[in-house]
Amino acid sequence: MKKATSHITPYFTQEQADQVRAALEAVGRVEGYASLSDLVVAATMREVKRLQRKHNGGKPWDPVPAGGVRPGRRTRAETAASEDRP
């Protein structure tokens, strides 16, 4: 049985998006990523699991339905702060 999917749209800077596409093009198939979505989902879920271990005793959080978090792009201040992170 196929699992239901949900659509989430991340926003990247142009430089970040260029590097994501470049990584996929360079080694995506070698690393087992058939698509950009495969790469983004795998990377995101690794981070979610890390956050669960660090902040939630390694347990999944209660689900938050679509519309339950702020939609849209980050503010300029949020974008500037995230560019300081690796």
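Glu-47 is partly exposed, with a relative accessible area of 34% (buried means under 20% relative accessible area, exposed over 50%, and partly exposed in between, with a 1.4 Å probe and protein chains only). The model is predicted, so local features need pLDDT of at least 70 and side-chain atom pairs count only at pLDDT 80 or more, whereas totals for chains, interfaces and linings use all residues. Residues are numbered from 1 along each chain as its sequence is written, and side-chain values use heavy atoms, with hydrogens and water left out.

Glu-47 forms a salt bridge with Arg-50, and the closest N and O atoms of the pair are 2.7 Å apart. A salt bridge is here a side-chain nitrogen of Lys or Arg within 4 Å of a carboxyl oxygen of Asp or Glu. Side chains of opposite charge can pair when their charged atoms come close. Arg-50 also counts as partly exposed, at 33% relative accessibility. The two residues are 3 apart in helix α2, so about one helical turn separates Glu-47 from Arg-50. An α-helix has 3.6 residues a turn, so residues three or four places apart point the same way.

A search of the whole structure finds 2 salt bridges. In the other, Arg-21 is paired with Asp-18, with 2.6 Å between the closest N and O atoms. Both Arg-21 and Asp-18 belong to helix α1, where they lie 3 residues apart, about one turn of the helix. Arg-21 is partly exposed at a relative accessible area of 44%, and Asp-18 is partly exposed at 35%.

Helices (H or I, at least four residues) and strands (E, at least two) are DSSP runs, numbered from the N terminus. α1 has 18 residues, which should span 26 Å at 1.5 Å a residue; its end C-alpha atoms are 24 Å apart, which agrees. The expected span is 1.5 Å times one less than the number of residues in the helix. α1 bends by about 50 degrees at Glu-25, the bend being the angle between axes fitted to the seven residues ending at a residue and the seven starting there. Glu-25 is exposed, with a relative accessible area of 70%. The C-alpha atom of Glu-25 is separated by 9.4 Å from that of Ser-35, 10 residues away along the chain. Gly-32, which follows α1, has a positive phi, near 95 degrees.

α2 has 20 residues and reaches 28 Å from its first C-alpha to its last, close to the expected 28 Å. After α2 comes Gly-57, whose phi is positive, near 60 degrees.

The largest pocket holds about 2500 Å³ of space and is lined by 46 residues, of which Ile-8, Thr-9, Pro-10, Val-40 and Thr-44 lie nearest its centre. On a 1 Å grid over the protein atoms alone, a cavity is a set of points where a 1.4 Å probe fits but cannot get out, and a pocket is an open set with protein on both sides within 12 Å along at least five of seven lines; lining residues have an atom within 4 Å of a point. Grid points are joined across faces, edges and corners, and a volume is the space filled by probe spheres set on the points. α2 gives the largest share of the lining, 12 residues.
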